[in-house]
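Good morning, and thank you for coming. Please look at the model on the screen while I speak.

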Amino acid sequence: MLVDTTSPLFLSLDLAGAFAFALNGALTAIRLTRLDIVGVVTLGMCTALGGGILRDILLGALPPATFSDWRYLTVAAVGGLIAFLFGRGLDRLNTPILVLDAAGLSLFAVSGALKGLDHGVGFAQAVILGTITAVGGGTLRDVLIREIPSVLTSGLYAIPALVGALVVVSADAWGVAQVPAALVAAGACFSIRMIGVRFDISAPTPPGTARGA
Amino acid sequence: MLVDTTSPLFLSLDLAGAFAFALNGALTAIRLTRLDIVGVVTLGMCTALGGGILRDILLGALPPATFSDWRYLTVAAVGGLIAFLFGRGLDRLNTPILVLDAAGLSLFAVSGALKGLDHGVGFAQAVILGTITAVGGGTLRDVLIREIPSVLTSGLYAIPALVGALVVVSADAWGVAQVPAALVAAGACFSIRMIGVRFDISAPTPPGTARGA
Amino acid sequence: MLVDTTSPLFLSLDLAGAFAFALNGALTAIRLTRLDIVGVVTLGMCTALGGGILRDILLGALPPATFSDWRYLTVAAVGGLIAFLFGRGLDRLNTPILVLDAAGLSLFAVSGALKGLDHGVGFAQAVILGTITAVGGGTLRDVLIREIPSVLTSGLYAIPALVGALVVVSADAWGVAQVPAALVAAGACFSIRMIGVRFDISAPTPPGTARGA
């Protein structure tokens with residue numbers, strides 16, 4: 001039986017994730033390039049909603065849920081606006097924002113994979129959809145501000161999302177009840193991400209390339 | 001009652017907008033980077049048709065109208081080809097091309113928002129769709145030629161489109177007849193855009209960042 | 001009568017093309033920028049599957065065939081992994097990889113155009129869809145690693161794909177049997193591509209721009 005993705009708890013968590021992504025996405029954009037208010041809010045919204053939109057395009061579930069639902073649009077726009085207005089002051093809040101972002105990553109990886117299963121895609125596809133939901137928004141932002149997407153080059157970011165999606169999809173295949181499975185999967189993703197941040201762990205690079213070079 | 005988006009008048013205006021976008025998009029691309037004929041025509045077509053394609057993907061109205069209709073493809077390809085052949089000479093026509101581009105922006109903002117309403121999306125979604133239709137093609141071009149999309153950083157470009165879409169969607173909500181509403185909305189967008197160009201007005205930047213720095 | 005795109009022969013050729021694209025795409029990405037294992041495999045998969053995904057989005061044939069079918073995902077992931085593990089050693093295999101890539105280009109141009117006809121799009125649209133299928137994946141990769149897509153700037157890459165798609169769509173319009181037509185079309189694309197590589201031929205640039213400048 002599937003997690004009820006319309007329950008108030010699930011929705012609150014998903015909206016909190018979207019808010020964290022919008023805030024963090026807009027702050028990253030402000031730091032990396034010069035933008036006006038349109039740019040900051042747009043990039044916050046792209047970071048928050050882009051992953052879910054890519055997932056829904058691949059599923060053919062159009063119009064995308066995060067675009068149709070005014071709550072996601074509002075939360076994402078407010079996150080971007082706060083980053084625009086208080087960007088300088090928010091620099092001191094680096095740690096809570098990083099934690100919120102890891103929470104968003106975990107929630108999106110799990111909810112994205114569950115939505116894939118809901119639409120009847122296969123095992124590997126559901127795992128990929130969860131990962132795309134989690135990292136797609138940040139990738140879109142990086143492409144728009146002309147950065148090489150950080151998810152492709154450094155740190156543990158896609159891998160925790162992949163693990164979270166893999167856990168929840170495996171649990172579904174083995175018939176485990178999905179509420180505890182979703183909690184364990186999100187917890188695994190969150191833990192790996194925070195351990196990666198704390199100890200500055202990176203994914204392997206191609207053999208023969210020196211990381212420090 | 002909705003504007004008849006299949007009327008000859010509406011179609012002619014929309015095609016004129018697509019032509020202006022293709023011409024202006026291809027000329028911008030030629031100025032910013034080195035391209036061959038494939039690149040110039042492709043970028044002209046992306047600028048002209050990209051916004052409408054993004055709108056139709058988000059609406060799930062696939063295949064996209066501007067892709068299915070040979071008239072849009074032809075007008076866009078011809079605009080790109082003219083830019084390729086006469087790019088140097090067209091530099092003298094900067095002002096008429098800028099005016100045509102503002103006209104395209106206005107027409108696409110209004111027609112994009114109306115198409116959203118036609119498909120039954122909400123108020124905020126229709127406004128966003130109008131804006132995406134207007135600025136999406138230029139954003140796609142800038143991503144392809146590795147520029148930070150100018151719409152995110154400078155000038156009044158997204159804001160007039162947003163105002164135009166907002167006017168036509170509000171008029172619909174208030175039950176105003178849509179033909180005059182569409183004219184007023186397009187006029188508002190066009191005027192704000194041209195005033196922004198004339199007086200070099202920009203959208204606000206984040207507090208604490210010096211524009212001249 | 002249409003080519004049976006589900007025949008084992010057709011499928012094998014298409015999978016071989018996807019494998020060549022994944023390998024070549026990932027190797028190009030490794031050469032141009034610093035990536036970790038997630039980045040190399042992701043870019044290999046984007047190169048292999050991106051063109052087909054863009055085609056299926058434009059057709060509204062969602063979820064995209066190359067995303068739904070585990071064989072395409074597997075072949076693309078394995079190609080990316082091989083490039084990650086043996087990237088240095090594969091530099092000596094430049095010529096076979098270039099030939100495989102030209103084969104992938106030809107197969108994708110023809111199969112993309114045929115899929116468009118299958119879905120009932122017009123002549124020009126089918127030609128464009130074939131070209132997008134062939135060059136879309138590489139373009140997506142270049143955008144992600146912040147290169148100006150090579151297809152827009154240099155060499156004969158889009159033009160052979162365009163010719164291949166044009167031949168197979170024209171043959172369909174004239175009622176020619178499609179199996180020989182597809183073979184001739186793919187052969188034409190492959191030959192033009194290889195002649196372009198051998199003699200370093202480029203598409204024309206805008207009048208007045210010196211290529212050597």
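Just after helix 9 of chain C, the residue C:D200 takes a positive phi of about 55°. Helices here are DSSP runs of H or I with at least four residues, strands are runs of E with at least two, and both are numbered from the N terminus. This is a predicted model, in which local features need pLDDT of at least 70, side-chain atom pairs count only at pLDDT 80 or more, and totals for chains, interfaces and linings use all residues. Residues are numbered from 1 along each chain as its sequence is written, while chains are lettered from A and ligands numbered from 1 in the order in which they are written.

Let us stay with helix 9 of chain C, residues 178–199. Its 22 residues reach 31 Å from the first C-alpha to the last, close to the 32 Å expected at 1.5 Å a residue; the expected span is 1.5 Å times one less than the number of residues. Which residues of helix 9 of chain C are buried? They are C:A181, C:A182, C:A185, C:A186, C:C189, C:F190, C:I192 and C:R193. A residue is buried if 20 or more other C-beta atoms, placed from the backbone, lie within 10 Å of its own, exposed if 12 or fewer, and partly exposed in between. Seen down the axis of helix 9 of chain C, the buried residues fall within an arc of 160°, so they line one face; the arc is that of the directions from the helix axis to the C-beta atoms. An α-helix has 3.6 residues a turn, so residues three or four places apart point the same way. The buried residues of helix 9 pack against helix 5 (94–118) and helix 8 (158–173) of chain C. On the other side of helix 9 of chain C, C:P180, C:I195, C:R198 and C:F199 are exposed.

I turn now to chain A. It has nine helices and zero strands, and 56% of its 213 residues count as buried. The C-alpha trace of chain A spans about 50 × 50 × 30 Å along its principal axes.

Finally, the contact between chains A and C. Chain A gives 26 residues to it and chain C gives 27, where two residues are in contact if their C-beta atoms, placed from the backbone, lie within 7 Å. On the side of chain A that touches chain C, helix 2 (37–59), helix 6 (123–144), helix 7 (150–153) and helix 8 (158–173) each supply at least two residues.
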